[in-house]
Amino acid sequence: MALKREYGGIQPCIRLGMFRIRIPFIHFKISGPEVVTGLMNACTSYGALAVLTATLGLDPDVAYALVLFETACYTLNWLLGESSICGWITAAMAIIVLYLETLPEGVARLQALTTIQLELGLLFIILGATGLSKKLNTLMPAALKGGIVLGAGINSVAARLKEGGAVDTATIGCLVGLTVVCLFMFSQRIREHMATNKFLSLLGNYSFLWAVLILFVVGGLTGDFDYQFSGKIIVIPDFATMFATVSPFCIGFAPDPTTWITAIPYAITAWIIAYGDFITVQELGFAAVREDEHIEFDANRTNVICGIRNVILSLCAPYPALAGPLSPPYCIATYARYHQGGREAMDSIYDGSATNLIFTVLGLFIYPLYEASLAASGALLVVIMVIQGFVCAQIACNMLRDDMDKGLAGMGAGLVVARGAAVALPASIILYLLLCNNKKIKEDYRLNKEIQRQEDEETERQLAILEARMRGGKAEDGMPVEPTKRE
């Protein structure tokens, strides 16, 4: 039986530096509904199959093993203390694929991808371990953060809805999936009745699940998807062949120093894009907070865990979608059920997020799921990215404090779409410094610093209470302490 959490406390864990290690059945419970959404997450994990086979030229069996290995690294997220459901740095994938396709096919592309992902992983780790990530978060004004998040959202939608993509080749499947998920996840007409209608509540809380199921069925019936099932049920991937085919320990690291130098701006660009997801993860978590549980949000730890995942992948199974901190549809659905259902529905956020990621990995061994997802992978990715675009727009707008912030964020988003994140960030900083007076700049910094101070103090207080309780002690007044409200 999992250890119990006091009201307002941190979910029990094993403290190891910045990490909070949690073990299934000891520190959290398996959550039934998230078993189902985890299996659906397994479907979307196949969204990059076309890139693996076409751009990298991998055999489908090697691509299958690569997807499973990459997804297995998701488990590091909950194991080391993150409450979110992690995923890819999807917006960066298009930029990286365009670069890889300028190189000769075969080993050269794999070596270049390895270089980018290894440099990105080290960048994540350095920023997290030194604490510079949290300091950078404090230094960045709301206008810059909002511009990054909004630009990433617009880019996500534009990349998936462009002419010649899945919307044109699997039109009905895409439109049905988008209609279902937008209605039940975002529609005010439906969500305003969810509190009083259990059926609508079921549809709304698992909107992405219903969208995927209906997309599979309708797409198959209309001929959008050509399902070809082999009859195999459980298949164990050939990881040895995968390792021999893609790992730099077998095919070698890039011998040309130019490859390593060229990879630096791509790694930095990927981090800039991922930074928007760091902000999104934190904002989603704050929106879902409950009084009975204090959830730690540590940007430094998030960076380090993302770095570890990227380094492992770069050395064993380089992956063009990279490893990021957020999978928007599943994270949104899990946080929503956590917040709306209360402790009776989900005792801890870790019950939901960890269960989802565990069963995402287990679901990948179900071969018919792979075969169905292979046929519908393009349409699935369209639905995922449109959700991300909608949520990023909401979050970006909520971050902005005044008209100047709104104007700067709009310009920043336009720069991200037009010229990419590598140009957008420095250009947005210059624009901010040109247009804002000293009073505005100082006030933005003061507000960010105060928010960070409140979050750090609350985390330290709750950790002290948890440590005292685990040693058999009590809080100073002998009673559970409710978390401080965030201003």
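Is Arg 446 buried, partly exposed or exposed, and what is its relative accessible area? Arg 446 is partly exposed, with a relative accessible area of 44%, where buried means under 20%, exposed over 50% and partly exposed in between, with a 1.4 Å probe and protein chains only.

## Basis of the model

This is a predicted model, in which local features need pLDDT of at least 70 and side-chain atom pairs count only at pLDDT 80 or more, while totals for chains, interfaces and linings use all residues. Residues are numbered from 1 along each chain as its sequence is written, and side-chain values use heavy atoms, with hydrogens and water left out.

## Overall build

The protein chain has 23 helices and two strands, these being DSSP runs numbered from the N terminus (helices H or I, at least four residues; strands E, at least two). Its radius of gyration, taken over C-alpha atoms, is 22 Å, close to the 23 Å that the globule rule gives for 487 residues, so the chain is as compact as a globular protein of that length; the rule is 2.2 Å times the number of residues to the power 0.38.

Of the 487 residues, 56% are buried. Among contacts with a separation of 6 or more, 82% join residues 24 or more positions apart, a contact meaning heavy atoms within 4.5 Å.

## Helix H1 and its cover

Helix H1 takes in residues 32-44, and its buried residues include Val 35, Met 40 and Cys 43. The cover over the buried residues of H1 includes helices H13 (207-222), H18 (328-345), H19 (349-363) and H20 (367-399).

## Salt bridges

The structure holds 15 salt bridges, each a side-chain nitrogen of Lys or Arg within 4 Å of a carboxyl oxygen of Asp or Glu. One of them joins Arg 5 and Asp 347, at 3.6 Å from N to O. Arg 5 lies in the segment before strand E1 (14-16) and Asp 347 in the loop between H18 and H19, so the pair ties together parts that are 342 residues apart in sequence. Arg 5 is buried at 4% relative accessibility, and Asp 347 is buried at 12%.

Another salt bridge links Arg 301 and Glu 82, with the closest N and O atoms 2.8 Å apart. Arg 301 lies in helix H17 (residues 299-316) and Glu 82 in the loop between helix H4 (75-79) and helix H5 (90-100), so this pair ties together parts that are 219 residues apart in sequence.

Arg 446 also pairs with Glu 443, at 2.8 Å from N to O, and both lie in helix H23 (residues 438-470), three residues apart, about one turn of the helix. Glu 443 is partly exposed, with a relative accessible area of 35%.
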